[in-house]
Amino acid sequence: MRATPEAQSEVRVEAQGYDRLAPRTAAILIAAGVFLLDAFSPIEGAVAVLYVVVVLIAARTFSRRGVVLTTAGCLALTLAAYFAAHRTDEVGAPLLRCFVSLAAIGITAALGLRHKADAAVLAEQASLLDLTHDAVFVRDTRDVITFWNRAAEQFYGWPADEAIGCVAHDLLRSTFPADRAAIFDTLHRTGRWEGELVQRTRAGETVTVESRWVLQRAAAGAPLAVLETNTDITERKRTDSQLVASERRYRAIFDNTRVAILQQDWSGVKADLDRLHREGVRDVAGYCMASEGCVVRMRNRVRIVDANSAAQRMLRAPSREALLGTLDERLPEADQTFPQALAALARGERSFESESQVRTYDGETIPVLFGVSFPADPDDLGFVLVHAFDITERKQAESALLAVQADLAHAARVSTMGELTATMAHEINQPLAAIVTNGEAALRWLKRPSPDLGEATDALGRVITNGRRASEIVGRIRGFLKKAAPRQEWLDLPEMIGEASQLIERELVRHAVSLRTEHAPGLPQVLGDRLQLQQVAINLMVNGIQAMAAVRGRPRVLTVRTLREEDGQVACEVTDTGEGIAPEMREQIFQPFYTTKGDGMGMGLAICRSTIEAHGGRLWVTDTGTGTGATFHILLPAGAAP
Amino acid sequence: MLDMPTIAIVDDDEAVRVATASLVRSLGYAARPYASAEDFLADLARDPVAAPPDCLITDVQMPGITGLQLQDQLQAEGRTFPIIITTAFHSEVLRQRAVASGAAAFLEKPFNGDVISEVLESVLARIGRS
């Protein structure tokens, strides 16, 4: 849209509701004066030409119809004056003057009407400028404001009559984004300029505007005026800067926190999850674990798209970029938590937390505590934040603590055994000493030159008495041991197996073995020594893990199952997927000092069996029935239901 | 028979005490068994005129006064008869302490008949009572 200074003045006439009475009166008075002069004065000249003034006033102030009527009136008055002063047959100079006057009036009216039409169009266009929310003003070549729209009045606070005539960028105290001369150079070269200006309003407020300048040129090409349209972007700038600050804060947290953060793209698994949902699969974790290759495929679809420096340090990556890849590259084979996280996502949960292991860039496996934050909108799955914390030290502390506890329990036992041994030694040593001494005495009595059979018989009688006494003491000690040695308590087997599993976690990870536990619901408790039975469980589990060390090409799975037997017993089965045990070896492995390990004592299974038998149970081994692996069976008498 | 050397035996365990006494007698000595150091000391005090034993065989571990304390006390009283310390729990420290305090011998239970015979003979020979 263009506006010219002329159009602007017209707008102002319209806008201010100019009083029309004064020009109307003036027109009538002038017309009357001209008529009197024309008709009755002796002046020889084209006095009627002066009606042009009346037409001009009309053209400026009257409506189109008013102009036409005024013009007609003037023409009529010209003709009337002519006929009044001259006879009709009189041709010559007066008639010529009359025609000149009529022509002048007619031409003036025509021009006036045309100008009026142009002005109306311009006024209409200019009024549109008032409708826009943008502040629009026009400044001439000296930067002096010549037009100022309503939005500019409202936005800057100066009414048009105050703004017009002022030097635009002095009034607004504009700050330009670049050198002002360069900006004007661009404007004159290309005819337009766009950029951001910082300005002040009348109230002194600082505002930021997006400014668009258009240069108006005269027909010859010389610059005439500049139309400047300014859009208020102060609020947008503020919001933008808040967003920028927020982003900067987030970035600072992301970069500087000691917690490793990985931004992951999970959108790749969404299609799979949707498909499973359509197919009615509810147990996503179970389904994935069971279906061949599902977990690995899904792990490969999750991509790491960003990582902070803590993640880089924790995963020992040479650069941030080195970590950008698939989740599969970072998770060890035996990870159990990813399917659970998938299931949490499928259930629509917003977060998932667990403990697992991750593979570092240099190939080690470290334990981590991690949390996954899923976005509220499933379409934003490209932005999943995973934070992780290296818990190697905590794990080490935990195992150290468990080891210390086991050591303490062992030490307590050893000291009890020590006391027991001392008591036993003292109790038994006395009758033994008496037996030997009496024996010696009997021999001496018999060896005397005249053997004293009475003394010898007495001494031998005491040998027998003390022998009996020694035997009684041994019996008493055995009775005491039977009563005191096993620390009997009610044990929940699944819970005890859970504790044992924690102790062998590192072993599982190191051998890439996944552990499955299946517990019969409502399993009765068993009465026994927690530490001893736990040692048996650990022994069997570690044996199973080591039996799978050479397994290639099939999953290494250790399954620990608890079952309730019908005859009031509880069974625990430890199954591996290793090479199995030959039938002829199945009894031999329980013999003391039998071992397949170079550094083994060969006492493990022998002790396990005697421990289980001391608890009134049985321990044996079978094949799994699947062609691979072995199953160790423990049967224990069941106690109370939990 | 009046000349027969007398051996006092102090041991809280009756079976051992009776057996030791029998062994000592079978070797041709008179045996005077006591169930505690207190009994022995009381007997010594009650009859100062009667001759003290020619030798004492005492156990170390006893309730009340132990064998080593008994030895110290007898030396403090100026008794000069030789003392043989015996124990069921051998310890080198104990042996050294006993010998350092003036024990004539240190024997482990159960006794070897030949050993105790030799020890008694040599101890009594030293004091001219064999």
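## Second largest cavity

In this predicted model, the second largest cavity is lined by A:Leu493, A:Met496, A:Ile497, A:Leu533, A:Val536, A:Ala537, A:Cys572, A:Ile612, A:Ile634 and A:Leu636. The lining divides into 10 nonpolar residues, with no polar and no charged ones. Its volume is about 70 Å³.

Helix H19 (493-503), helix H21 (530-547) and strand E17 (630-637) of chain A each supply at least two residues of this lining.

## Largest cavity

The whole structure holds 3 cavities of 30 Å³ or more. The largest cavity has a volume of about 240 Å³. A total of 20 residues line the largest cavity, and the closest to its centre are A:Leu327, A:Leu331, A:Val358, A:Phe370 and A:Val386.

By class, this lining has 14 nonpolar, 4 polar and 2 charged residues. At least two lining residues come from each of these elements of chain A: strand E6 (260-265), helix H16 (337-346), strand E8 (351-359), strand E9 (365-373) and strand E10 (384-390).

## A five-stranded sheet

Chain A has an open sheet of 5 strands in the order E2-E1-E5-E4-E3, with antiparallel pairing. Strand E2 (145-148) and strand E3 (192-200) of chain A stand at the edges with a single partner strand each, so one side of each has no neighbour in the sheet. From one strand to the next, the twist averages 25°.

Within the sheet, strand E4 (residues 206-217) and strand E5 (residues 223-232) of chain A are joined in the antiparallel sense over 9 bridges. A:Val214 has A:Leu227 in E5(A) as its bridge partner. Helix H9 (residues 180-190) of chain A packs on the sheet and touches strands E1 (135-140), E3, E4 and E5 of chain A. The direction of helix H9 makes about 35° with that of E4(A).

Terms used. Residues numbered from 1 in each chain as written. Chains lettered and ligands numbered in written order. Predicted model: local features only at pLDDT ≥ 70, side-chain atom pairs only at ≥ 80, totals over all residues. Heavy atoms only, no water. Pairing = 2+ DSSP bridges. Helix = DSSP H or I, 4+ residues; strand = E, 2+ residues; numbered from the N terminus. Axes fitted to C-alpha atoms, helices over the stretch in contact; angles between N-to-C directions. Contact = heavy atoms within 4.5 Å. 1 Å grid on protein atoms, 1.4 Å probe; cavity = no way out; pocket = protein on both sides within 12 Å on 5 of 7 lines; lining within 4 Å. Points joined across faces, edges and corners; volume = space filled by probe spheres on them. Nonpolar A, V, L, I, M, F, W, Y, C, P; charged D, E, K, R; others polar.
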